[in-house]
Amino acid sequence: MAAQEAGTQKGLSMDRKRVLTLNVNGDDYEVVCAPNTTLLEALREKAFLTGTKRGCDLGACGACTVIVDGHAVLACLTLAADMEGRTIRTIEGISEGGELSPLQQSFVDHGALQCGFCSPGFIMSATELLTENPHPERAEIQRRLAGNLCRCTGYVKIVEAVEAVAQGAEGGAR
Amino acid sequence: MKVLNVVGQRVPMHDAAAKITGQARYTDDLTLPGMLFGKLVRSTIAHGRIKSIDVSKAKALPGVKGVITGMDIPDRVYGIVPKAKDEHALAREKVRYIGDEVAAVVAVDQETAEEAARLITVEYEELPAVFDPLEAIKEGAPLVHDNTPGNVSAQIHKEFGDLEGGFAASDYVFEDSFYTQAQNHAPMEPHAALASWDALNGDLTLWSATQIPYFLKRNLSTTLLIPEQNIRVIKPTVGGGFGQKIDMFSKDFCACWFAKELGRPVKFVYDREEVFQSTRQRHPMYLTVKTGVSTEGKIIAQKITAHADGGAYNSTAPLMITLSCFFVMIPYKIENLVYEGYHVYTNKPVGGAMRGHGIPQPRFAIERQIDLIAKRIGVDASEMRLLNAIEAGEPHPAGFIINTCGFADSVREASRAIGWKEKRGKLPFGRGVGIACASFPSGVANMSHLASGCVVQLSSEGRVSILSGAADIGQGAETVIAQIVAERVGVPMEDVHITAADTGLCPLDAGTFGSGVTVRAGNAALNAANDIRAQLFPVVAEALGCEVDEIEAANRLFWVRGTPDRSVGMRDVLRQYQYVDRSLPIVGRGAWVPPADSATTLLTNNGNLSPNYSFMTQAAEVEVDLETGRVNVIKVLTAHDCGQPINPMLVEGQLEGSILGGIGYALYEDSTCIDGQQHNPSFLDYGFPTMMELPEMEGIHIDTDDPIGPFGAKEAGEGTQLAPAPAIVNAIADAIGVDFDRLPVTPDMILAALKKRREEAVGEAR
């Protein structure tokens, strides 16, 4: 019985698969997705944009953060099917042409990363923050990045890296 | 006076840009043509015999390419410690905890594999289970492994001096008991494996999120029955480990098994729940500490009894309990000492190496008890630590050779910097300061398999290529090794390239554990760089008209010591090297093994445990919210003797990360397991510290120049994880006058304690 139910479920999801056009970092990707395919799965497994990381698949760690229409969202909690017609920016779209963004450069210079698995998510969340507010105070940086978990760095150097960009003359609005 | 150009510099990690742009490739980022996806079926009961497994529905599901159970694979156990192997990749007769692997499937996509796994039904005969080590050692307790009576799978009993005589000679004797909880490593990258089989040559390649590629290779060989020379393990970028990726796991075995059986690449990736439930965790431990002291607070005798909750399998059991034992003999001088430790099986998730590895538990107990004793006999807790401080060059009861020791200075510096004299016992109610101390080995010496090798190649263009076995899991091992080689060869970092942790290309290495990489693999790299110098410098000396030992080298330039204008560049030297018809590239080889009498086991023998020892005192200031019971850690500072930091920025990163880990251990983290079922196997429920819990931090470097570490370096990765938790709990005691004896100290515990105090105060008033 269980087998039949599960089989039916799968059959349905297979039947309902369709081709989506996702605009990621300025390029259109045609990807075959089921109704329950997440944006994270579409990016990593169908568009092979693996810079966006899967840390928990539960919206609890922030490693999969991407920017959709200017807002940071968790790709693991976002359905790919809802993303047609949206503008999606991933970590691969931050350093176009191989140039690190000022924020990325600041992370490198401050040693604000160790294993690096959470780093793309942090860059996306902090990029959104600095776009909205180029000169955030330390308390706002901490509050806004509290949804991104890091187990290696103890966060100190991440705060310092974001702060350094925020305190720069141009701030972080790039 | 050491003049250093690359070592000691705040050099960014060589792969920092790759990581920050999302280009670094972790195991799950890899895709191979024709790749299949795997899923494991796990036990839903804590203890039972497998009566039958029905895989027929799974096999019939379209897209499923393979299904195996424990009876389909060789009956071979594996484990990280050769004498303590007790795990099957898939259970054969028995399951021993909820999450134990019983079957595996592979399919054309992840969705199908997961569905097939759900279609497998297992019939069990449930057995009585045991969930607490103190219950498990009782007569008549269920046996987790039939061949281990009493469920004690590893034990150690060490005696130094005359314990009873010491207690008799003491002015006071105190006995206190403590408990520490299960902590999960929670690396951000879930465990993953990708295997590929070359049927033409019989060669297996495994990309795995591992900390020890060479041990993994060995365990794969003995379980898959494939010769080691046909197995290549490659460690891609690894997203953190903290000890959790030391062991081989079912995902490694099953990916390889199916790849070989099916002739197609196979990937297994654990989800976060599997990471929590079915990899490793820090051993919960019951500890009793009996200590005899003089009226001044001098420790005369100490007995420590420890029962570690090992969960269902051994993993590192003998090593863990040995480390736990030997590290109660440092950083204090204790002449008369007994440690009795037991690693006990239970039907729970498996304990393993975690940053500190068996040492944070007794450290918590001992550092808490020192504060308790200081209060009881009326001495200052900081001065009591100083009074008992170990010093360099003294004979050590267990045979440790301590060449350099900044411990006493660390106590003084940390106490001064936290404002001990002004604050301790003098802050308003709810606010307090505490300190705690620790020491850690730079890798373990008296064991087998501890050699590191390194090859350095200097090309005709001056490119320096390193092959090292060291496993960088995010701590920056590759960068540290590159800095050591750059310094010694005399080139800037941009000339140096490193390939590491690929068993098909790189020399043997013991892997990342015990905080030994910088000293062990770093010395191997230093020796390889010295070999380059030995081949290159005669040509330099000829060019400069000087003796070889007069040459200084830095930044692609060689000059005669004292006369910098007599110099020659790397490019010219390499050209001359070719003119004299010597063969290029210049290849330097180096190896290093920690100095030890013999490859022995500390379970039975004493000896110098480690090439060298780091020392630290950590001080915390906390504020307890009397309404909510929440503890706000305001400041944590560390006075730290880690020898010469090869890269101060990376050392700070280790320090800062371990302080947050220590805060989690002290206040938040607890992998709760009730009747064998984990109750919080997700980031949402587990709750390790976020950026909101970030305290002010300060590091104070205590200078020592160690003769054994490369450029005088000692470990800096694990030791600083030991003292934050006791320092914080000691500070809580100072803040509210309540002495907690178990971790974590939760708001509930604080509110209950405050309520009890109020009631007692009212009682006394009546």
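**Entry 1: five-stranded sheet, chain B**

I looked up an open sheet of five strands in chain B and found the order β7-β15-β14-β13-β8 with mixed pairing. I am working on a predicted model, where local features need pLDDT of at least 70, side-chain atom pairs count only at pLDDT 80 or more, and totals for chains, interfaces and linings use all residues. Residues are numbered from 1 along each chain as its sequence is written, while chains are lettered from A and ligands numbered from 1 in the order in which they are written.

I take strands (E, at least two residues) and helices (H or I, at least four residues) as DSSP runs, numbered from the N terminus. Two strands pair if DSSP finds at least two bridges between them.

The edges of this sheet are β7 (152-160) and β8 (172-180) of chain B, each of which pairs on one side only. From one strand to the next the twist averages 5 degrees; for angles I use lines fitted to C-alpha atoms, for helices over the stretch in contact, with values from 0 to 180 degrees between N-to-C directions.

I checked β14 (residues 299-311) against β15 (residues 336-345) of chain B: they pair in the parallel sense over ten bridges. D309(B) has V344(B) in β15(B) as its bridge partner.

Two helices pack here. Helix α9 (residues 317-326) of chain B lies across β7, β14 and β15 of chain B and runs at about 25 degrees to β7(B). Helix α10 (residues 360-377) of chain B touches β8, β13 (285-293) and β14 of chain B, its direction making about 40 degrees with that of β13(B). I count two residues as in contact if their C-beta atoms, placed from the backbone, lie within 7 Å.

**Entry 2: three-stranded sheet, chain B**

I found a further open sheet, of three strands, with the order β20-β21-β22 (chain B) and antiparallel pairing. Its edge strands are β20 (551-554) and β22 (563-569) of chain B. Neighbouring strands are turned by 30 degrees against each other on average, direction ignored. Strand β21 (residues 557-560) of chain B pairs with β22(B) over four bridges, and W559(B) has S567(B) as its bridge partner in β22(B).

**Entry 3: helix pair α6/α7, chain B**

I looked at α6 (residues 213-224) and α7 (residues 250-262) of chain B, whose axes come within 11 Å and cross at roughly 55 degrees. α6(B) and α7(B) are therefore oblique to each other; angles under 35 degrees count as roughly parallel, over 145 as roughly antiparallel, 65 to 115 as roughly perpendicular and the rest as oblique. The contact is made by L216(B), L220(B), T223(B) and L224(B) of α6(B) and D252(B), F253(B), C256(B) and W257(B) of α7(B). By class I get six nonpolar, one polar and one charged, with Ala, Val, Leu, Ile, Met, Phe, Trp, Tyr, Cys and Pro as nonpolar, Asp, Glu, Lys and Arg as charged, and the others, Gly among them, as polar.

**Entry 4: domains 1 and 3, chain B**

Domain bounds come from an automatic or database domain assignment. The C-alpha centres of domain 1 and domain 3 of chain B lie 37 Å apart. I found 16 residues of domain 1 of chain B in contact with 21 residues of domain 3 of chain B. On the domain 1 side, α15(B) gives the largest share, six residues.

**Entry 5: chain A against chain B**

The contact takes 44 residues from chain A and 47 residues from chain B. On the chain A side, the largest share, four residues, comes from α3(A). I classed that side as 25 nonpolar, twelve polar and seven charged residues.
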